[in-house]
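Subject: Structure handover

Hello,

Here is the structure I said I would pass on. Please look through it first, then read the notes below.

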Amino acid sequence: MSQGEAPVLAGVHSYSSVSDKIAGLVLRRPVKRLWLVGILISFVGFILFSVAVGYLFARGVGVWGVNVPVAWAFAITNFVWWIGIGHAGTFISAFLLLMRQEWRTSINRFAEAMTLFAVACAGTMPLLHLGRPWFFYWLLPYPDTMGVWPQFRSPLIWDVFAVGTYGTISLIFWYLGLLPDLATLRDQAQRPWVARIYGAMALGWRGSARHWARYEKAYLLLSGIATPLVISVHSVVSLDFTATIVPGWHSTIFPPYFVAGAIFSGFAMVLTLAIPMRKYFALEEFITMRHLENCAKLLLVTGMIVTYSYVIEIFMSWYSADPFEKYETINRALGEYAIDFWILILCNVVSIQLLWFKAIRTNVTALFILSLVINVGMWAERFVIIVVSLARDYLPSSWRSFHPTQWDISIYVGSLGLFFLLFLLFARVLPVISISETRKLVHDLGKETH
Amino acid sequence: MYGLAAEFKSAEELVTAAEATRAAGYRDFDCYSPFPIDELVAPLGTHGDKVALVTLLGGLVGLGGAFFMQWYACVISYPVNIGGRPFFSWPAFIPVTFELTVLGAGLSAVFIGVLAFCGLPQLYHPIFNARRFERASQDAFFLCVEANDPLFERDLTWRFLEGLGPLALSEVPR
């Protein structure tokens, strides 16, 4: 560790103090009013989501503002936004493990949970936007009496496989990491029924060295396959757009640009969740300034890649000499949806320049505000890419604008409610920091100082 | 009786004890710790290599299965002529092939490599009867020599374990 950097684990800790502190958040901490208020607000959001989905199913996609040619709008914007948010969790748990970044230990558990809940929110969106969502399983290859197969040459089918695999691998990766911690909760629980529930969830984990060896190997292998997986998922998402000929979509920079944007927005959400959580649970010794500052640095790096992609997109539309591409670029900045374009420039390009300064990177309040700003900016980015391109394509006679209805907005706001409801419940019943990995960290840090 | 369990103070002492136990000729013994200790792999004669093998096999099954499925669907079962383009357009099959390779590898790593090989879920195990074993998931380090080891003799093994300097020693009933 170089001088002047905050430690990855502050304070004096032993194996038992780490176990007691983190497991205690689940087992011994009384329910506080702030958490209940959070649950209440997100539950209202969840009800809104349920009502909006119910109304959508009853009446069809006509309740949204979508039309032809703007057949993709809020639902797909939400899909790309949510799935992008998920990517930071996998990046932290898999990529940073391979890179031996020990600071990932305190933040990987809740970031992986964030991934799962974001993927759950993302997964609903393409299904909701199907005209006949009850036929969603037609996307899957199964032996059907119609004798029809999905179109395997279509990026939309690739998306089904990419998101399905991503959700499954994220879930088993997260649960594998949870097993030793569930055993800790089982052994610390006072009430028999609590011990029984955690015991059943721990699958009888007993910390055998033979089991640990397989666990570690499998964990490393999962990291190895999850790293290219996470890159493939958002690349495939970008191919949904770039495989078409719509101006503003048909571009080879999309896959890397989308992956960088995904990790950018995901780290913003990590900070949005980590900063209040560390305050509420008094986890400042575990999630230190080192973690927050490293996230801020990654925001700056990925944000600058995104900025570079914006510049290249504008350059290429000029360099291509394609009048439709040129018009698309000018229309983004000056057309009907110009306000969204300038919001994204302000949020994703201008605001992150503050992160060059250490004073900002180590200021918790500033980071929290910036993380919200970036979340907004990345939503605006996807809206601009999707809606502005569709609304003004080749034939002026088929131009049409998109205006969201209350149901568009309800489903978006409602999905936020669903996400935060799941996250708040997770923070209450499962350890938000990996206990066994933190014990290992205590052990390894102890060895270094000897 | 399942075996004799000795509790040690630290990870380092557990490693030393495991090495001594192996050197004394015992083979059916196991260590229990609240976090993974890489140095235990050698004395226990265990490693996760089979996990890598089943992960590879799972990945290959996913790869082969996905590619075959797409070939079968697009060439044999349901060929669609789109402007005379080839039915066997294999570059378009790569994304699904990649995803299912990852899925196959990941599922076999966890469900076969960890759960099946470890015999989990197994909610009851005799070692849970060892005294203070609930600390093994928090801050305690255990070594248990099992009764079915050919060298195991209750009194001899008890004295051997005592010689390793444990914090406590207990008999583990079945």
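Two residues are in contact if their C-beta atoms, placed from the backbone, lie within 7 Å. On that basis the contact takes 50 residues from chain A and 54 residues from chain B.

The model is predicted, so local features need pLDDT of at least 70 and side-chain atom pairs count only at pLDDT 80 or more, while totals for chains, interfaces and linings use all residues. Residues are numbered from 1 along each chain as its sequence is written, and chains are lettered from A and ligands numbered from 1 in the order in which they are written.

**Chain contact**

Helices are DSSP runs (H or I, at least four residues), numbered from the N terminus. On the side of chain A that touches chain B, the largest share, 16 residues, comes from H7(A). By class, this side has 26 nonpolar, 15 polar and 9 charged residues. Here Ala, Val, Leu, Ile, Met, Phe, Trp, Tyr, Cys and Pro count as nonpolar, Asp, Glu, Lys and Arg as charged, and the others, Gly among them, as polar.

**H1 and H5**

In chain A, helix H1 (residues 15–27) meets helix H5 (residues 155–188): A:Ser19, A:Ala23, A:Val26 and A:Leu27 in H1(A) touch A:Thr184, A:Leu185 and A:Gln188 in H5(A). This contact has 4 nonpolar, 3 polar and no charged residues.

**Around A:Val270**

Not counting residues up to four places away in sequence, A:Val270 touches A:Ala88, A:Ile107, A:Ala111, A:Met114 and A:Cys295.

Regards

Key
Axes are lines fitted to C-alpha atoms, for helices over the stretch in contact, and angles run from 0 to 180 degrees between N-to-C directions. Helices (H or I, at least four residues) and strands (E, at least two) are DSSP runs, numbered from the N terminus.
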